[in-house]
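Q: I would like to learn how to read a protein fold step by step. Could we go through the features together, with the general idea ahead of each case?

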Amino acid sequence: MFRETITSADGSTATGTATEAHARALLRTAVRRGYRVEATRTGGVIIERDVWDGSRIPKKRTVALEPVTPLGNITPTIRGDLDVIAARDAYLVTGAEGTFMGRNGRIAAGLHGIPPAAAKRLIGRGLVVLGEPYEATSNGYMPETRTPVRVSLAARLALHAQAHRTRTSEPLGYVRPADVGMGGITAGLNKGGRRGGLIYDGSSAASCTCREWTGTFEQRMFALDAARRHRQAATANFARTL
Ligand SMILES: [Zn+2]
């Protein structure tokens, strides 16, 4: 379940809740319509679109979705468990009997098993969601109940956002010409930034932890904008896979 906050172009806000299915539909529609979308590391997403009301600069309407239950810190162990669940038909075991009682509370995923304590934590924190339980048998003869488990949309959004952490470098500022490349010198001269033989290097390098995006920009503001656009493009691609 997500908490939904809608901020209209006039600045007024409205809040409500959205089911995972609703959130997924909202996100897909937003991407189809070309709205800006960005996943948050806390498992939410921000959907933003321009509203033209006749003024020169468009106003914005945003829909922010955040999980009602905080996902908490996603440690490497939890990430590993989520990978196992995502890759296989995983299910939670309850009602196992006799020699199979040890299966109770575990999440089974192929040859992998997630112990009860870890399974409980994944469920309690909304990192996974449960489907409809069905009756099955342990090793073909003892009855047990299996409940399908899959990685929640919130967890997927958080993992996605964590895979795309961007950074932009602090501009060097006033430096000796020998300390910067030719590009920096040209930029400095164009801006008339000479000061006592020093030139101003306002350029900023940007990169993303996905290692698929880098860039150098004349001003840090441009680097920050470009980094945001990269994250939004990545989230849009992710949303198309939902
Ligand atoms: Zn990236």
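**Reading the fold**

A: Strands are DSSP runs of E with at least two residues, helices are runs of H or I with at least four residues, and both are numbered from the N terminus; two strands pair if DSSP finds at least two bridges between them. Within this pair, Glu4 stands opposite Leu65 in S5. The model is a predicted one, in which local features need pLDDT of at least 70 and side-chain atom pairs count only at pLDDT 80 or more, while totals for chains, interfaces and linings use all residues. Residues are numbered from 1 along each chain as its sequence is written.

Q: In what order do the five strands of the open sheet lie, and which strands are at its edges?

A: The order is S2-S1-S5-S4-S3, with antiparallel pairing. Strand S2 (13-18) and strand S3 (36-39) are the edge strands, each of them pairing on one side only. From one strand to the next, the twist averages 15°.

Q: Which helix lies across S1, S2, S3, S4 and S5, and at about what angle to S4 does it run?

A: For such an angle, axes are lines fitted to C-alpha atoms, for helices over the stretch in contact, and the angle runs from 0 to 180 degrees between N-to-C directions; contact means that the C-beta atoms of two residues, placed from the backbone, lie within 7 Å. Here helix H1 (residues 20-32) lies across S1, S2, S3, strand S4 (45-51) and S5, and runs at about 40° to S4.

Q: Is Tyr35 buried, exposed or partly exposed?

A: A residue is buried if 20 or more other C-beta atoms, placed from the backbone, lie within 10 Å of its own, exposed if 12 or fewer do, and partly exposed in between. Tyr35 counts as partly exposed because it has 19 C-beta neighbours inside 10 Å. Its place is in the loop between H1 and S3, and, leaving aside residues up to four places away in sequence, Tyr35 touches Ala30, Ile47, Glu48 and Arg49.

Q: How many residues of strand S6 are buried, and which strands does S6 join?

A: Strand S6 (residues 90-94) is mostly covered, with four of its five residues buried. Five bridges join S6 to strand S11 (residues 142-151), running antiparallel, and in that pair Ala90 stands opposite Val149. Two bridges, again antiparallel, join S6 to strand S7 (residues 107-109), where Tyr91 stands opposite Ala108.

Q: Which residues touch the most other members of the largest nonpolar core?

A: In soluble globular proteins, nonpolar side chains tend to be buried together. A nonpolar core is a set of buried Ala, Val, Leu, Ile, Met, Phe, Trp, Tyr and Cys residues joined through C-beta atoms within 7 Å. The largest one has 40 residues, of which Leu27, Ile107 and Ala155 touch the most other members. Helix H4 (residues 153-163) gives the largest share of this core, seven residues. Not counting residues up to four places away in sequence, Ala155 touches Gly43, Leu71, Leu82 and Leu127.

Q: What does the C-alpha trace span along its principal axes, and what share of the residues count as buried?

A: The trace spans about 85 × 45 × 25 Å along those axes. Of the 242 residues of the protein, 30% count as buried.
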